[in-house]
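Me: Hi! Could you walk me through the links between side chains in this one?

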Amino acid sequence: MKRSHIHLPRCLTRKWLIPVLFTSTISLIFLLITTLPHHNPNPNPNPSIPISDSNSNPRTGPPELPRFAYYLSGGAGDGPRLKRLLQAAYHPRNFYLLHLDLEASDAERLELARYARAEAGVLRKLRNVMVVGKANLVTYKGPTAIACTLHAVAILLRKGRWDWFVNLSASDYPLVPQDDLLHIFSYLPRDLNFLEHTSNIGWKEFQRGRPIIVDPGLYHSKKSGVFGAKERRSLPASFTLFMGSEWVVLSRSFLEFSIWGWDNLPRTLLMYYTNFMSPQEGYFHTVICNHKDYQNTTVNHDLHYIRWDDPPKQQPMNLTLGHFDDMIQSGAPFARNFAKDDPVLDKIDEEILRRSDGQFTLGGWCVGNSARDNDPCVVHGSPNAVRPSVSSRRLEKLILKLLDSENFRTKQCN
């Protein structure tokens, strides 16, 4: 993969949006049906993965830069963390939707919206950052999490053209500049889907698949834990359950299918996962691996660096300065969990992202004078110019490993 400056038509500006709260499974399904105009943009997608094609014509120029649609989510007290995450992962080509759940105060949500809408000059001009004004309730281990993700996808599908959707929480942080991510992904087929998945669910069959749970967050505005029914169900016979990491990088074509559902699979699984423990660890995985048009588009990796205790606990361990070298050498573009304002975040900013406190990650679009301006990104040029850093080589190495014939096909939806 060669590094180059790539120029495309000027990025479109985006308007402010405040989506509405849904309160039940039925209204969620109705929302997903009615959010987009009623036509089928791709009734028979039949995607293919031209990883290696010796008969194809050689490229006559640099590939088109992609666009990413980011969904950044957090809870009460996470406003400053989401702001920092946005600054670290920002690029004018992309779209960003920020959501602080219902437990966050209105003042905290308003402060985040004010930053995205009024106070940051670049964001005010480009208008590619949105903040959910009427927040949704998110219950830990409940289906409200996947409901909010689907809601975010539906909103982002209406905002403009993009190629991949990325979900991050306030505990996540990028390990590469966006210029590197855009550069490397420009060489990939746009229908690839990155999600860790397996049908060998082990203990999760009895703690996830068979219990029937109810999430009060679907029906009430006050958060409480999920509760289980006495009855247990058998595993489904009409589809195979797949589970894995809830952190994904999914293609637009697959997500259009998930929202449109031009056959019944996405809606059937949406209803099934309404009473499923931690459905965000299985919904997209089960949809994609049970549909013939998409099961061969998967890359079995969530593009995150994550460390687990032994034996694993409910959440990954917090990453610290002691993990810095290992996480950077992994080539992963994202990592989690990070504690709020941990010193390792400052080290990532300084050595990898070249980002000062309160500023955006530097990229080819930042054309201010670094010796004269406090923030070089205050003056911005073309969003289509990228300057990949040395981090792009580590990311390239990871992607090539994942797409190697020994890893790619053999680990798809097994």
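**Disulfides and salt bridges**

Reply: Happy to! Taking a disulfide as a pair of cysteine sulfur atoms within 2.5 Å, the count comes to two disulfides. This is a predicted model, where local features need pLDDT of at least 70 and side-chain atom pairs count only at pLDDT 80 or more, while totals for chains, interfaces and linings use all residues. Residues are numbered from 1 along each chain as its sequence is written, and side-chain values use heavy atoms, with hydrogens and water left out.

Me: Great. Which residue forms a disulfide with Cys289?

Reply: Cys289 is bonded to Cys413, with 2.1 Å between the sulfur atoms. This pair links distant parts of the chain, 124 residues apart: Cys289 sits in helix α10, and Cys413 is in the segment after α13 (391-402). For the element names, helices (H or I, at least four residues) and strands (E, at least two) are DSSP runs, numbered from the N terminus.

Me: Are Cys289 and Cys413 buried or exposed?

Reply: Cys289 is buried, and Cys413 is buried too. Buried means under 20% relative accessible area, exposed means over 50%, and partly exposed is in between (1.4 Å probe, protein chains only).

Me: And what is the handedness of the Cys289 and Cys413 disulfide?

Reply: The torsion about its S-S bond is about -80°, so the disulfide of Cys289 and Cys413 is left-handed.

Me: OK, what does Cys366 join to?

Reply: Cys366 is joined to Cys377 by a disulfide, S to S 2.0 Å. The link of Cys366 and Cys377 is right-handed, with 80° about the S-S bond. Both cysteines lie in the loop between α12 and α13, so the pair ties together parts that are eleven residues apart in sequence. Cys366 has a relative accessible area of 7% and is buried; Cys377 is buried as well, at 0%.

Me: What's the pairing if you number the bonded cysteines in sequence order?

Reply: The pairing is 1-4, 2-3.

Me: Switching topic: how many salt bridges are there in the whole structure?

Reply: A search of the whole structure finds 15 salt bridges. The rule is a side-chain nitrogen of Lys or Arg within 4 Å of a carboxyl oxygen of Asp or Glu.

Me: Remind me, why do such side chains pair up?

Reply: Side chains of opposite charge can pair when their charged atoms come close.

Me: Nice. What does Arg84 meet in a salt bridge?

Reply: Its partner is Asp349, at 2.9 Å, N to O. Arg84 is in helix α2 (residues 79-89) and Asp349 in helix α12 (residues 343-353), so to speak two distant parts of the chain, 265 residues apart. Both Arg84 and Asp349 are buried. Arg84 and Asp349 also belong to one network with Asp341, Asp346 and Arg355, joined by salt bridges that share partners.

Me: And where does Glu281 lie, relative to its partner Arg208?

Reply: Their side chains meet in a salt bridge of 3.7 Å, N to O. Glu281 is in the loop between α9 (265-273) and α10 (283-289) and Arg208 in helix α7 (residues 204-209), so the pair ties together parts 73 residues apart in sequence. Glu281 is buried at 16% relative accessible area, and Arg208 is buried at 7%.

Me: Last one: is Arg307 buried or partly exposed?

Reply: Arg307 is partly exposed, at 31% relative accessibility. Arg307 forms a salt bridge with Asp326, the closest N and O atoms being 3.5 Å apart. Asp326 is also partly exposed, with a relative accessible area of 42%.
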